[in-house]
Amino acid sequence: MISYDPQNIFARILRGELPCAKIYENDHVLAFQDIRPQTQHHILIIPKKNYVSFADFSKKASDQEMAGFIKAVGKIATDLGLDEDGYRLIANHGKNAHQEVPHFHVHLMGGQELGPMVSVKRKEI
């Protein structure tokens with residue numbers, strides 16, 4: 001497992017060292033626009049504490065943090081008007097999933113037709 005790097009970009013945003021286009025914030029979560037949006041709405045939702053991945057978050061976060069995070073995701077999707085037409089949530093974990101920042105985060109994407117999930121090439125066994 002990757003160890004938490006306190007100098008990662010999301011940690012620096014949480015400390016106020018780097019700016020972000022904030023969408024939502026509560027006691028447990030900060031949500032902001034992705035700087036390289038892939039869809040009309042592309043929001044990053046991050047916990048305020050230091051978790052590397054979903055696995056790390058699900059093992060160590062308190063019930064209040066988990067509930068705050070999940071409720072924030074739902075509220076943001078609703079506030080952006082994405083409920084009716086749909087949206088996608090993505091959380092990358094580790095190198096095979098191309099996790100770029102070692103701070104757990106969810107991509108909330110929507111506002112347009114998103115197409116199929118993933119095109120996977122299977123290795124021959």
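This is a predicted model: local features need pLDDT of at least 70, side-chain atom pairs count only at pLDDT 80 or more; totals for chains, interfaces and linings use all residues.

Q: How do I read a pocket, and what volume does the largest pocket have?
A: On a 1 Å grid over the protein atoms alone, a pocket is an open set of points where a 1.4 Å probe fits, with protein on both sides within 12 Å along at least five of seven lines. Points are joined across faces, edges and corners, and the volume is the space filled by probe spheres set on them. Here the largest pocket comes to about 560 Å³. Lining residues have an atom within 4 Å of a point; there are 25 of them, and D34, R36, L44, E100 and H107 are the closest to the centre.

Q: Which elements give two or more residues to that lining?
A: Helices (H or I, at least four residues) and strands (E, at least two) are DSSP runs, numbered from the N terminus. For this lining, the elements are α1 (9-14), β2 (29-33), β3 (41-47) and β5 (106-110), with α1 giving the largest share, three residues.

Q: Is D34 buried or exposed?
A: Buried means under 20% relative accessible area, exposed over 50%, and partly exposed in between (1.4 Å probe, protein chains only). D34 has 14%, so it's buried. D34 sits in the loop between β2 and β3, and its side chain reaches the backbone nitrogen of R36 at 2.7 Å. Leaving out residues up to four places away in sequence, D34 is in contact (heavy atoms within 4.5 Å) with H42, L44 and H107.

Q: What is a nonpolar core, and how many residues does the largest one have?
A: A nonpolar core is a set of buried Ala, Val, Leu, Ile, Met, Phe, Trp, Tyr and Cys residues joined through side-chain atoms within 4.5 Å. The largest has 17 residues, and I45, F69, I76 and L108 have the most contacts inside it. The elements giving two or more residues to this core are β2, β3, α3 (63-79) and β5; α3 provides the largest share, five residues. Another core lies apart from it, with seven residues, including I13, L30, L44 and I46.

Q: Where is F104 found, and what does F104 touch?
A: F104 is in the loop between β4 (87-90) and β5. At 2% relative accessibility, F104 counts as buried. Not counting residues up to four places away in sequence, its contacts include I45, F54, F57 and F69. F104 and N50 are 54 residues apart in sequence, yet their C-alpha atoms are 8.0 Å apart in space.

Q: What does the side chain of D56 reach?
A: The backbone nitrogen of V52, at 2.8 Å. D56 belongs to helix α2 (residues 54-60), and with a relative accessible area of 4% it is buried.

Q: What should I make of the phi of H98?
A: Most residues other than glycine have a negative phi. H98 has a positive phi of about 65° although it is not a glycine. H98 lies in the loop between β4 and β5 and is exposed, with a relative accessible area of 60%.

Notes
Residues are numbered from 1 along each chain as its sequence is written. Side-chain values use heavy atoms; hydrogens and water are left out. A polar contact is a pair of N or O atoms within 3.5 Å; within protein, one must be able to donate a hydrogen and the other to accept it, and residues adjacent in sequence count only if both atoms are side-chain atoms.
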